[in-house]
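Biologist: Could you walk me through this structure, one question at a time?

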Amino acid sequence: MNEQDDYHVPPTESVYECEYCGRPFAREEWRALHRGIEHADGLDDEEVEQFREAYGDEGESLRLFRLKALGVLVVLYFCLLMIYAVV
């Protein structure tokens with residue numbers, strides 16, 4: 001089974017394809033992350049810079065998500081604690 005057979009992209013969707021392996025991505029940032037992780041040895045300076053920017057942005061997004069998730073858990077904990085105290 002070929003790696004290309006695993007991906008079925010609708011013809012109306014825009015695709016960012018990896019130049020090294022042909023894998024399609026929905027976002028340019030995802031392609032940059034893929035190239036930096038899977039094809040790091042063959043990248044030029046511009047591609048390395050794109051990877052670093054995408055990696056930094058991804059880390060920032062993950063930190064924000066973790067902070068929001070922690071806030072939701074804290075609120076949920078105190079709501080359940082108040083319900084328990086009333087009942």
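Biologist: Is Glu-47 buried or exposed?

Modeller: This is a predicted model, where local features need pLDDT of at least 70, side-chain atom pairs count only at pLDDT 80 or more, and totals for chains, interfaces and linings use all residues. Residues are numbered from 1 along each chain as its sequence is written, and side-chain values use heavy atoms, leaving out hydrogens and water. Buried means under 20% relative accessible area, exposed over 50%, and partly exposed in between (1.4 Å probe, protein chains only). Glu-47 has a relative accessible area of 14%, so Glu-47 is buried.

Biologist: Which helix holds Glu-47?

Modeller: Helices here are DSSP runs of H or I with at least four residues, numbered from the N terminus. One such run covers residues 45–86. Glu-47 lies in helix α2.

Biologist: Which residues does Glu-47 touch, not counting those up to four places away in sequence?

Modeller: Contact means heavy atoms within 4.5 Å. With those sequence neighbours set aside, the residues touched by Glu-47 are Glu-19, Tyr-20, Arg-35 and Gly-42.

Biologist: Let's turn to Arg-35, which lies in helix α1 (residues 28–38). What is its relative accessibility?

Modeller: Arg-35 counts as buried. That is because its relative accessibility is 4%.

Biologist: With which side chain does the side chain of Arg-35 make a polar contact?

Modeller: A polar contact is a pair of N or O atoms within 3.5 Å; within protein, one must be able to donate a hydrogen and the other to accept it, and residues adjacent in sequence count only if both atoms are side-chain atoms. For Arg-35 the distance is 2.8 Å, and the partner is the side chain of Glu-19.

Definitions and conventions: Helix = DSSP H or I, 4+ residues; strand = E, 2+ residues; numbered from the N terminus.
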